[in-house]
Amino acid sequence: MTEFSMEVFQNEYLAPGATTMDAIVTVTARGGSTVDSAAGNAAVVLIIDTSGSMSAPSTRIRAARHAAAEAIDAIRDGVQFAVVAGTDTASTVFPAWGSGLAIADASTRGQAKEAVKHLQAGGGTAMSMWLARAAELFGSSRAGIRQAILVTDGENREDPWLLDDALRRCMGRFQADCRGVGTDWIVSELRKIASALLGTVDIIPQPEQMEAEFRVLMEAAMGRGIGGAALRVWCPQGARVNFVRQVAPHVEDLTGRAQQVNPLTRQYPLGAWGDEARDYHVCISVPANNVGVEMLAARVNLMTGDQNSGQALVKAVWTSDEAASARISPEVAHYTGQAELAANIQEGLDALKAGDERTATVKLGRATQLAAQSGHDSTIRLLKKVVDVEDEATGTVRIRKNIDKADEMALDTRSTRTVRVGNKSGGDAE
Amino acid sequence: VTVTCPSGHTSDDADYCSVCGVKIDGNGAPAATPAPVAPVTDPSDPPASGETCPNCASELEAGSRFCEVCGYDPSTGSLPEAPTAQPIAATNGNGTTDTGSDPAAGAAGTGTAAEADAAAGAGPAGTAGSTAAGTGTAAEADAAAGAGPAGAGAGAGTAAGAGAGTAAGAGAGVAGSAGVGVAGGTAAGADAGAAAGTWVAVVTADRPYYDRNQVSEVQFPLGVPARTIELDGANPQAIGRRSRSRGTSPAIDLAGPPEDAAVSHTHASLLPTTTGGWELVDHGSTNGTYLNESPHPIGANEPIPIAPGDRIYVGAWTKITLELRPET
């Protein structure tokens, strides 16, 4: 049985008149994957891009077939599943159309693997149709954990609003991890899908790397024992939530997803959980109070379904002791820096695309500095493929000539990944 | 077991007050004696804090972060940002009538006073009718009639139909009279109960509105595709521009690209009503909120009921059309 524990890191002391309270809330789940909790309560839909571009080079569609077979092998007995081929429409490759999701066993896995052997590339790319088909398939299931894995190698070829519309319909109905093969896909597009559907996004630079990635994704999906977790944030009358942001394992702003529970309480969906830890930055404006008053700025509950699985208290105490109120919680400082790091990388790469090398140099320089300060070695490695670093400490960099597109995209997709405070392990839960 | 907090609230929690958050000691005594946290009473009459604004010397309200007079934030020592664009002149050269200002027109000529009154009281019902008239389709006329406050409680299709018919007449100055008869007539025979459906906001860049505003410092954005945003009937739907620093992330986000910079960060909101409809409220935006083709902005902080087909104009070029799409 999964057990959650929660911790709060904050400086609860506010100077007289101060009203902003920041806190990092960490949520850790343990004991979920010791039992095979996923089977019977999990559904997986594998969505594979089979548009025309997948045949050029032809290694891509061949690699996709192998990778799909590999992923199907990783599906545990009892898990409901389907395979969808996406073009300018979506066709269910397995099981037969109209029969919903298949239940995994040796026989259905064999049939599915046989079916994906015959995948052919041809046609356009309409991701809204793929997502709609996945939603339809998940709609036939009662599984608590619903995970789609979407793999594409290209750009969505439809009006942007169609995808936005599809995402609005799919939000809360299933989660989706997105992977882009090669370098002809658009990072912002897949990030939008992954972000709306509470999943991850990454690049698979070479087709032959698909197999390993598929297996990892499928196993991660199988390893989640809790379907729908949510953060429930109560704030006192007169207070306001400035933002709620996931800050580890990657940065994701949750503020706009709030669902109002009652006038003082909002709930933020977090999706499925395995054995992992995630950190959240909660920022609250509280009404100013007299020196000496202690109040609760936020009561943060972790909900699994309707059940309260953990609680953390964010406090505020007004004091005239300046030494106490001026201190910044190291955890809050660390994650504020990580969010700034992600923003600088994305803005720097956007400037680079727009041909504004000066802005790109400044932003990526600042990113290098922040990454160095926080010991974010994997991001420094990625940055060094895009900039030549003269001095990490001051953020002095030069944009490299002849940047490999795959390196640039890897930096972009991984820009939101963070390291935990003091580089604790578990920064990347998957 | 409920506890009373030092400020006098009835709290569900024993540790901190579940209303104001103040710490509760074991016996319900105040945690820190000099802490008379004022219970929040009528928000329209906030208690004074006894402190004055360091910027304009007005008396500050207790519990309010900003000075209500000049907007100064004592905690950060900053004044509100200057408006992002010049106020847009509310000129409208078309000589259109202000549809909301003549609700009596809606009541006149209908047989059932109650329903007709409801339609008239809604104000924008007239404009809803006018849209139906403009498009001339029976389905939309039907939806407009059913979803307006008139139709909400009215089982009688004819009553609502009459409402829509007259409303269309009232709105004729806006939409032109051509389709009015058609819309009214069709709606009259239709079922008023067909209000169920999904409310969506369609956001477009509107050239005629932009031209009327005559803002030379803002370019009209070309080739902007229409965006359809499904409204979440459980929550107020903010209209504005997202801002990380201000912590705004409105449901109807006009930060683009392309960004309509003449929209305030917190500009207006659509508020769900208990009957499944919506009200529009302007939050004192810099450049105002215009409903349908009215040359006058709606009043700040006054919720106005709206109906399917209503057009909300904000910023330099943004048009938001509200539609009630039938459930499929």
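## Chain A overall

Of the 430 residues in chain A, 58% count as buried. The model is predicted. Its chain A holds 11 helices and 20 strands. Take the contacts in chain A between residues at least 6 apart in sequence: 74% of them join residues at least 24 apart.

## A six-stranded sheet in chain A

One open sheet in chain A has six strands, in the order S2-S18-S17-S11-S15-S14, and its pairing is mixed. Strand S2 (13-14) and strand S14 (259-262) form the edges, each pairing on one side only. Strands of a sheet pair through backbone hydrogen bonds, either parallel or antiparallel.

Strand S11 (residues 226-234) and strand S15 (residues 265-273) of chain A run antiparallel and are joined by seven bridges. In this pair, Leu231(A) stands opposite Tyr268(A).

Thr108(A) sits in helix H2 (residues 106-117) of chain A. Thr108(A) counts as buried because its relative accessibility is 13%, and the cut-off for buried is under 20%. Beyond its neighbours within four places in sequence, Thr108(A) contacts Phe81(A), Phe94(A), Ala102(A) and Ile103(A).

Pro95(A) lies in the loop between strand S6 (90-94) and strand S7 (102-103) of chain A. Another cis bond runs from Ala248(A) to Pro249(A), with omega near 5°. Pro249(A) is in the loop between strand S12 (240-248) and strand S13 (252-253) of chain A. Most residues other than glycine have a negative phi, and most peptide bonds are trans.

Leu198(A) is not a glycine, yet its phi is positive, near 55°. Leu198(A) belongs to the loop between helix H5 (187-196) and strand S10 (201-204) of chain A. With a relative accessible area of 28%, Leu198(A) is partly exposed.

Chain B has such a residue too: Asn301(B), with a positive phi of about 60°. Asn301(B) lies in the loop between strand S11 (289-291) and S12 of chain B. Asn301(B) counts as exposed because its relative accessibility is 56%, and the cut-off for exposed is over 50%.

## Strands of chain B

Strand S5 (residues 198-205) of chain B is mostly covered, with six of its eight residues buried. S5(B) pairs with strand S14 (residues 318-325) of chain B through eight bridges, running antiparallel. There, Thr204(B) stands opposite Lys319(B). S5(B) also pairs with strand S6 (residues 227-230) of chain B, again antiparallel, over four bridges. In that pairing Ala201(B) stands opposite Ile229(B).

Strand S10 (residues 278-282) of chain B has four of its five residues buried, so S10(B) is largely enclosed by the rest of the structure. Strand S9 (residues 266-272) of chain B runs antiparallel to S10(B), and five bridges join them. Pro272(B) stands opposite Trp278(B) in S10(B). The hairpin of S9(B) and S10(B) has five residues between its strands, and Gly276(B) in this hairpin takes a positive phi near 85°. S10(B) also pairs with strand S12 (residues 304-306) of chain B, antiparallel, over three bridges. Here Leu280(B) stands opposite Ile304(B).

## Val3 of chain B

Val3(B) is part of strand S1 (residues 3-4) of chain B. Val3(B) counts as buried because its relative accessibility is 18%. Val3(B) and Cys17(B) are 14 residues apart along the chain, and their C-alpha atoms are separated by 8.2 Å.

## The interface of chains A and B

At the interface, 30 residues of chain B are in contact with 32 residues of chain A. The two chains bury about 2,300 Å² between them, with 48% of it on carbon and sulfur atoms.

Two salt bridges are found across this interface. One of them joins the side chains of Asp15(B) and Arg299(A) at 2.7 Å, N to O. Between the chains there are eight residue pairs in polar contact, both residues at pLDDT 80 or more. On the side of chain B that touches chain A, the residues divide into 13 nonpolar, nine polar and eight charged.

Definitions and conventions
Residues numbered from 1 in each chain as written. Chains lettered and ligands numbered in written order. Predicted model: local features only at pLDDT ≥ 70, side-chain atom pairs only at ≥ 80, totals over all residues. Heavy atoms only, no water. Contact = heavy atoms within 4.5 Å. Buried area = accessible area lost by both parts, 1.4 Å probe. Salt bridge = Lys/Arg side-chain N within 4 Å of Asp/Glu carboxyl O. Polar contact = N/O pair within 3.5 Å; in protein donor to acceptor, adjacent residues only side chain to side chain. Nonpolar A, V, L, I, M, F, W, Y, C, P; charged D, E, K, R; others polar. Pairing = 2+ DSSP bridges. Helix = DSSP H or I, 4+ residues; strand = E, 2+ residues; numbered from the N terminus. Buried < 20%, exposed > 50% of the residue type's maximum accessible area, 1.4 Å probe, protein only.
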